[in-house]
Amino acid sequence: MAIDYSWFQEMENRIPKGKVRTRFAPSPTGYMHVGNLRTALYTWLIARRNKGTFILRIEDTDQSRLVDGAVDIIYKTLKECKLDHDEGPDVGGPVGPYVQTERRGLYMKYAELLMSRGHAYRCFCDKVEEQPQEDDEEAHAFKKVVDPCRNLSQEESDARALAGEPFVIRQRIPESGTTTFHDEIRGDITVPNTDLDDQVLIKRDGLPTYNFANVVDDHLMGITHVVRGTEYLSSTPKYNLLYEGFGWEIPAYVHCPAVMRDAHNKMSKRHGDPSYEDLINQGYLSDAVVNYIALLGWSPRGEREIFSLNELAEIFDISGISKSPAIFDIEKLTYFNSEYIRAMSPSDFAKVALPYIRKAVKNPAIDPTAIAALLQQRTEKLTDIPEKIDFFDSLPSYDTELFVHKKSKSTIESSLTMLKEAYTAFDGLSEWNYDSVHDCLITLAEKLGVKNSVLMWPVRIAAAGKAVTPGGAVEICEILGKDETLRRFSVAMDKLSAVVSQ
């Protein structure tokens with residue numbers, strides 16, 4: 001097994017040095033779950049806070065779990081969340097390629113280098129199980145595998161490989177002693193080597209396992225900070241032994257707390273917990289989702305919670321990351337979302353609200369911008385919009401009991417009287433806008449000697465057919481237009497007259 005050390009030196013010379021370099025390395029498995037997005041966010045924030053480089057790497061060595069279109073979902077999610085990457089498959093960079101299957105020629109060479117140093121060996125056994133992928137939520141610790149191939153001589157191992165006998169390459173874990181690694185959140189952690197298994201580095205198909213490719217790529221890309229979940233803590237001692245076997249500098253590890261559905265269960269797509277895409281489809285704004293996710297396991301100094309992404313980049317500090325699991329609270333996210341909606345400019349809100357308005361109001365004569373103005377301070381999620389405004393498109397069926405209102409002292413009889421007077425007053429208007437409608441109703445209330453509410457309540461019920469509406473009688477009538485408002489008044493008067501005449 002000849003080793004070309006000059007090739008390895010050339011690879012070392014390519015590695016960027018002198019600044020913080022972080023990476024987000026998702027597997028393209030179909031969607032971006034909340035914990036994965038938080039990892040991307042924290043990784044991006046560390047890079048930006050330190051004026052470093054943020055890298056996107058696609059880890060697709062587990063071909064059995066790949067999902068068509070998943071890479072596009074990754075790109076789309078990062079773009080929507082404004083987590084721009086400096087290097088990656090789509091933008092290039094000095095240490096590409098940035099897709100693991102495109103780097104497959106590297107891993108066998110590094111595995112052979114590790115074998116030449118006594119830190120790995122070939123295993124020809126058929127029944128020694130390979131280890132699960134560490135990015136699988138169900139991955140768990142194994143008892144140490146006693147592999148008969150561990151003690152094969154190098155000569156016998158080489159001969160069997162040359163003869164075409166299939167094999168995997170395993171890491172050779174020391175049989176005694178301990179391994180200590182440092183986590184930026186938890187400090188030093190020491191584990192007995194007897195608790196560690198001889199994990200597979202290269203599979204029978206020649207592709208690396210996640211654990212091995214991860215270490216090799218992090219080193220060759222000059223990664224200084226590795227951000228990941230606590231489920232990787234059990235693998236970290238093996239990573240350290242790989243770094244030590246190669247003689248490489250170990251990056252700073254940042255293991256983030258789990259994101260939980262409740263006090264006892266981790267969030268999981270298979271249990272119906274929302275992915276990023278689900279949250280967007282449920283009417284949450286990307287900026288609000290990012291802000292909320294930043295606080296799932298990290299605390300800024302002080303009581304403030306609402307931050308722009310750039311503000312987060314200025315204040316984010318690893319020391320603020322908690323050791324304790326974070327519980328995903330959809331009600332808290334909804335609060336964040338409502339705050340973001342209210343802080344938007346009217347034009348920006350109208351733009352994001354338009355698709356939801358048009359789901360319910362298809363009449364081209366109705367101005368969606370005017371409807372958006374009514375909604376902005378009354379909306380928590382964009383998906384709330386259609387049911388709030390469907391009455392603009394068509395008058396719903398409603399009961400005349402809606403006209404009875406104790407607070408405004410409205411009755412069936414008084415409402416009929418008010419609507420008849422309002423119909424006549426509106427019919428005589430030559431202009432139809434907010435001011436003309438408003439002034440007409442106020443003047444009419446004074447003329448009739450009633451409080452404004454006595455008139456406004458039946459006008460709003462007649463115009464909307466609902467007791468709860470965004471905006472009051474004046475705004476609704478203005479948006480409906482004169483002809484439609486009068487038509488709806490006629491419907492209401494017919495309903496009320498039928499009741500009074502009984």
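Two strands count as paired if DSSP finds at least two bridges between them. In this predicted model, strand 5 (residues 178-183) and strand 6 (residues 187-192) are joined by 6 bridges and run antiparallel. A hairpin of 3 residues leads from strand 5 to strand 6. Within this pairing, Thr178 has Pro192 of strand 6 opposite it.

Along strand 5, Thr179, Phe181 and Asp183 point to one face and are buried.

In soluble globular proteins, nonpolar side chains tend to be buried together. The largest nonpolar core of this model comprises 58 residues, and Phe392 and Phe426 have the most contacts inside it. Helix 17 (residues 452-464) gives the most to this core, contributing 9 residues. Another core, of 48 residues, lies apart from it and includes Phe24, Phe54, Val254 and Ile321.

When residues up to four places away in sequence are left out, Phe426 touches Trp432, Val437, Cys440, Leu441, Cys477, Lys482, Thr485, Leu486 and Phe489.

A pair of aromatic rings is described by the distance of the centres and the angle of the planes. A search of the whole structure finds 20 aromatic pairs. One of them, Phe426 with Trp432, is edge-to-face, with 5.0 Å from centre to centre and 80 degrees between the planes. The rings of Phe426 and Phe489 have centres 5.7 Å apart and planes at 25 degrees; because planes under 30 degrees apart count as stacked, this pair is stacked. The pair of Phe426 and Phe489 links distant parts of the chain, since Phe426 belongs to helix 15 (residues 412-427) and Phe489 to helix 19 (residues 482-500), 63 residues apart. Both Phe426 and Phe489 are buried.

Aromatic residues also gather elsewhere. Trp7, Phe8, Tyr110, Phe212, Tyr243, Phe246 and Trp248 make up one aromatic cluster. Over the face of Trp7, a member of this cluster, lies Lys109, at 4.2 Å from the ring centre. A further lysine, Lys495, lies over the face of Tyr398, at 4.8 Å from the ring centre.

Conventions: Residues are numbered from 1 along each chain as its sequence is written. This is a predicted model: local features need pLDDT of at least 70, side-chain atom pairs count only at pLDDT 80 or more; totals for chains, interfaces and linings use all residues. Side-chain values use heavy atoms; hydrogens and water are left out. Rings of Phe, Tyr and Trp (its six-membered ring) pair if their centres lie within 6.5 Å; planes under 30 degrees apart count as stacked, over 60 as edge-to-face and the rest as tilted. Helices (H or I, at least four residues) and strands (E, at least two) are DSSP runs, numbered from the N terminus. Buried means under 20% relative accessible area, exposed over 50%, partly exposed in between (1.4 Å probe, protein chains only). A charge sits over a ring if NZ of Lys or CZ of Arg is within 6 Å of the ring centre and within 35 degrees of the ring normal. A nonpolar core is a set of buried Ala, Val, Leu, Ile, Met, Phe, Trp, Tyr and Cys residues joined through side-chain atoms within 4.5 Å. Contact means heavy atoms within 4.5 Å.
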